Amino acid sequence: MSPEFNLIAKYFTRTTAGADLGVGDDAALLRVSEGHQLAVSVDMLVAGTHFFHDAAPYDIGWKSLAANVSDMAAMGALPKWATLAIALPEINEPWLAEFSRGLFACADMFNVDLIGGDTTRGPLNISVQIMGEVAAGNALRRDGAKPDDDIWVSGRLGSAALGLAHLQGRITLDNTVAEHCLHALHTPMPRTGLGLALLGKANSCIDISDGLLADLGHILEASHLGADVTLDNITCHDYLASHLDEPIIQQCMLAGGDDYELAFTAPESQRQAIYQLSRELDLPLSLIGKTTKDSGIQVTYKQQVLDISKKGFDHFG
């Protein structure tokens, strides 16, 4: 067996419960449930761009899949299958063992089968394609927002970006806060339960990977709307809340990225149902603003308009 096929067999081949044929042939064979559409997304993580070269391989494995699971959550889709293409500078078996352990820990949590992929030599580069199912015609989309919709976000924003700022030396955090923020950065938790529960309640949805304002902006652009957002209303970790006057903290909250929470819009008539959903899921859901008929986003903090010229992560910046 060639080194490539040997490492695939050793680290990435498992029995697949949700596919007729998985890893080991020229293609996987899948069956989509009757009355459902196939939702498909792909993300690439590049060493030095999306993670540090010395990042823990377990964390890289988890995040490689979690980022894609989050895309399924944003569509209200049930994640089911994934493929992995990975370029490796060399065959490092301890690294691969930990990477695959992190990848499959995420796969097990969200019931995702790894059904195929590819390996090659090159700079460390990880590409995961994910597929899921959503009832035909029911998917959450970016272009469904309506004027005067409530704007919501899940979870606590800004922690992951603050963790990155700590690693980059742009801020120094005490050990307890740093531990929380680095956990948020390295092992995000996709909100699949929320995405499924929002079907029939939300008009539009997106996951926050590049920053709240950048990703909310995609909803607004697709729906031909604007927004008024109140920074004070966004739930965050206590440290961020107590330092919210500081520009770096505002930047982490609004444009830091790596949150992998959901931003969504819904009619005001769904407000109490969404508050109830927050209680049922034990997940903060923050009402942070309203959509407007005017274009652009206005953000206020303590009733003052903020300068939001930098809206999110630029992959080519």
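Strand β7 (residues 226-230) is joined to β9 by four bridges, and the two strands run antiparallel; within this pairing, Val229 stands opposite Gly289 of β9. The model in which this pairing is seen is a predicted one. The protein has ten helices and eleven strands, and buried residues make up 50% of its 317 residues.

**The sheet around β9**

- On the subject of β9 (residues 285-292), seven of its eight residues are buried, so the strand is largely enclosed by the rest of the structure.
- Strand β5 (residues 150-154) is also joined to β9, through five bridges in an antiparallel arrangement, and here Val153 has Ser286 as its bridge partner in β9.
- These strands belong to an open sheet of seven strands with mixed pairing, whose order is β6-β8-β5-β9-β7-β10-β11.
- At the edges of this sheet stand β6 (204-208) and β11 (304-305), and because each has a single partner strand, one side of each is left without a neighbour in the sheet.
- The partner of β6 is reached through five bridges to strand β8 (residues 261-266), with the two strands running antiparallel, and Ile208 stands opposite Glu261 in β8.
- As background, strands of a sheet pair through backbone hydrogen bonds, and they may do so in a parallel or an antiparallel way.

**Salt bridges**

- The structure holds ten salt bridges, and one of them is formed by the side chains of Glu261 and Arg191, at 2.8 Å from N to O.
- This pair links distant parts of the chain, with Glu261 in strand β8 and Arg191 in the loop between α5 (175-186) and α6 (192-197), 70 residues apart.
- Glu261 counts as buried because its relative accessibility is 6%, and buried means under 20%.
- The side chains of Asp245 and Lys302 meet in a salt bridge at 3.1 Å, N to O, which links the loop between α8 (238-242) and α9 (247-255) with the loop between β10 (296-301) and β11, across 57 residues.
- Arg141 and Asp143 form a salt bridge through their side chains at 2.7 Å, N to O; Arg141 is partly exposed at 48% relative accessibility, and Asp143 is partly exposed at 38%.

**Helix α7**

- Helix α7 (residues 212-223) has twelve residues and reaches 16 Å from its first C-alpha to its last, which is close to the 16 Å expected at 1.5 Å a residue.
- The buried residues in α7 are Leu212, Leu213, Ala214, Asp215, Leu216, Ile219, Leu220 and Ser223.
- After α7 comes His224, whose phi is positive, near 60°.

- Ser127 lies in strand β4 (residues 125-135) and is buried, with a relative accessible area of 18%.
- Apart from neighbours within four places in sequence, Ser127 is in contact with Val42, Asp43, Met44, Thr83, Leu84 and Ala85.
- Val40, found in strand β1 (residues 36-46), is partly exposed, with a relative accessible area of 46%.
- Together with Val32 and Leu38, Val40 forms a nonpolar patch on the surface, with about 230 Å² of accessible area for the three together.
- For the protein, the accessible surface comes to about 15,000 Å², and 50% of it belongs to carbon and sulfur atoms.

Notes
Residues numbered from 1 in each chain as written. Predicted model: local features only at pLDDT ≥ 70, side-chain atom pairs only at ≥ 80, totals over all residues. Heavy atoms only, no water. Patch = residues over 30% accessible without salt bridge, like charges linked within 9 Å, V, L, I, M, F, W, Y side chains within 5 Å. Areas by Shrake-Rupley, 256 points an atom, 1.4 Å probe, with all protein chains shown as cover. Salt bridge = Lys/Arg side-chain N within 4 Å of Asp/Glu carboxyl O. Buried < 20%, exposed > 50% of the residue type's maximum accessible area, 1.4 Å probe, protein only. Expected span 1.5 Å × (residues − 1). Pairing = 2+ DSSP bridges. Contact = heavy atoms within 4.5 Å.
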